[in-house]
Amino acid sequence: MKQILLIDDAQPIHALVTTLLADEQVQVHSAFDGEQGMTMAASLRPDLILLDVEMPEVDGYAVCKRLKADAELFNIPVIFLTAMSNPEQKVHGLELGAVDYVTKPFNPAELLARVRGSLRTYALIQMLEQKALIDFLTGLGNRAMFKQRLAAEMSLRVRTGSELALIVVDVEDFQGINDTQGHPFADRVLQKIAGILTEVCRAEDVPCRLGGDAFVILTPNTPIPEATLLGQRVVAALENLKLNSHGFPFNIRCSVALAPALDVFDHLMLARANQAIQDSREQGSEGLATAIPQAVAV
């Protein structure tokens, strides 16, 4: 059964939507403000979010921004519910990443059709991503591919003792980019970075997008000095990255960190690389951050 989260401060809307969808194979969950909606979205991971635009304190636009900036939630389709008919407001919502609008008062047939269409599309995307192991926005491997290849490389290390490392790339203030430049521009940023990583990587490297603004490159059979050189090439390729937004150049900054495998089954490489990025930002450091203990540093 598909899960739908309805975020709307008007209780009658919840009763109406639940009634309209009563014959569908869905379960409707209710949140009555933006903060509650974000909390429930994180715990439920619904298949669709119906989101009221006009709510007190945290409106639907702000909620949508936060959803699309969350690596675990950004793929969930959002349909805005609104009494507004201004085209500019609708365009703004679509630029934030919503897939559709339904205008209040609802036409029952229209709401049903849009809900069914969004659920079908989301289910298809999930199925294709799981089967193809590809992130459809960037063309890189997705999180599932990364996990699969990481497990395979660790298994290989048991037999051969081959070295392994990974490089993490994280976009600085990606939520701010979403907020100020819009969701389509943020997608272009991710696609541009993916293209750069594809060009820099060697044939044996495995570049993946983990979700949101997080990228990782798995470097099989690569000693620390070689992985460091690759990390430095990534840093150089991402320097001075700019894209035009509304006719003006917009600077994009990325943080890059390297973490080698320290033992045969090192499941903490990714966490160490992310911590190295956080530490380098706090210290104001530039260049390649490294999560290499002194004992094994080269």
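Helix 2 and helix 3 cross in a right-handed sense. This crossing belongs to a predicted model, and the text starts from it before turning to the rest of the protein. Helix 2 covers residues 34-44 and helix 3 covers residues 60-68; their axes come within 10 Å and cross at roughly 25 degrees. Angles under 35 degrees count as roughly parallel, so helix 2 is roughly parallel to helix 3. On the side of helix 2, the residues that meet helix 3 are Gly34, Glu35, Met38 and Ala41. Helix 3 contributes Val63, Arg66 and Leu67 to this contact. Sorted by class, the contact of helix 2 with helix 3 has four nonpolar residues, one polar residue and two charged residues.

A second helix pair can be described in the same terms. Two packed helices are described by the angle between their axes and the distance between the axes. For helix 8 (residues 183-200) and helix 9 (residues 224-238), the angle is about 140 degrees and the axes are 10 Å apart. An angle counts as roughly antiparallel over 145 degrees, and helix 8 and helix 9 are therefore oblique to each other. The crossing of helix 8 with helix 9 is right-handed. Helix 8 makes this contact through Ile193, Ile196, Leu197 and Val200, while helix 9 uses Leu230, Arg233, Val234, Ala237 and Leu238. Eight nonpolar residues and one charged residue form the contact of helix 8 with helix 9, and no polar residue takes part.

Helix 8 also holds His183. Is His183 buried or exposed? The relative accessibility of His183 is 14%, so this residue counts as buried, the cut-off for burial being under 20%. Leaving aside residues up to four places away in sequence, His183 touches Lys68, Glu95, Leu96, Gly97 and Asn178.

Burial can also be followed along a helix. In helix 1 (residues 11-20), the buried residues are Ile13, His14 and Val17. Viewed down the axis of helix 1, these buried residues fall within an arc of 100 degrees, so they line one face of the helix. Gln11, Pro12 and Thr19 are exposed on the other side of helix 1.

The next residues lie in loops. Asp213 sits in the loop between strand 7 (206-211) and strand 8 (214-220). Asp213 counts as buried because its relative accessibility is 14%. What does Asp213 touch, not counting residues up to four places away in sequence? The residues in contact with Asp213 are Val169, Asp170, Val171, Phe174 and Leu190. His92 is 121 residues from Asp213 in sequence, and the C-alpha atoms of these two residues are 21 Å apart in space.

Some loop residues call for a look at the backbone. Most residues other than glycine have a negative phi, and most peptide bonds are trans. Asp173 is not a glycine, yet it has a positive phi of about 55 degrees. The loop that holds Asp173 runs between strand 6 (164-171) and helix 7 (174-181). With a relative accessible area of 56%, Asp173 is exposed. Asn221 is likewise not a glycine and has a positive phi, of about 50 degrees. Asn221 is placed in the loop between strand 8 and helix 9. At 56% relative accessibility, Asn221 counts as exposed, since the cut-off for exposure is over 50%.

Pro105 is located in the loop between strand 5 (100-103) and helix 5 (108-132).

These details can now be set in the whole protein. How many helices and strands does the protein have? There are 10 helices and 12 strands. Taken along the principal axes, the box filled by the C-alpha atoms is roughly 65 × 45 × 30 Å. The protein has 298 residues, of which 50% count as buried. Among contacts between residues at least 6 apart in sequence, 66% join residues at least 24 apart.

Notes. Residues are numbered from 1 along each chain as its sequence is written. This is a predicted model: local features need pLDDT of at least 70, side-chain atom pairs count only at pLDDT 80 or more; totals for chains, interfaces and linings use all residues. Side-chain values use heavy atoms; hydrogens and water are left out. Axes are lines fitted to C-alpha atoms, for helices over the stretch in contact, and angles run from 0 to 180 degrees between N-to-C directions. Helices (H or I, at least four residues) and strands (E, at least two) are DSSP runs, numbered from the N terminus. Angles under 35 degrees count as roughly parallel, over 145 as roughly antiparallel, 65 to 115 as roughly perpendicular and the rest as oblique. A crossing is left-handed if the near helix is turned anticlockwise from the far one by less than a right angle, and right-handed if clockwise. Contact means heavy atoms within 4.5 Å. Ala, Val, Leu, Ile, Met, Phe, Trp, Tyr, Cys and Pro count as nonpolar, Asp, Glu, Lys and Arg as charged, and the others, Gly among them, as polar. Buried means under 20% relative accessible area, exposed over 50%, partly exposed in between (1.4 Å probe, protein chains only). The arc is that of the directions from the helix axis to the C-beta atoms.
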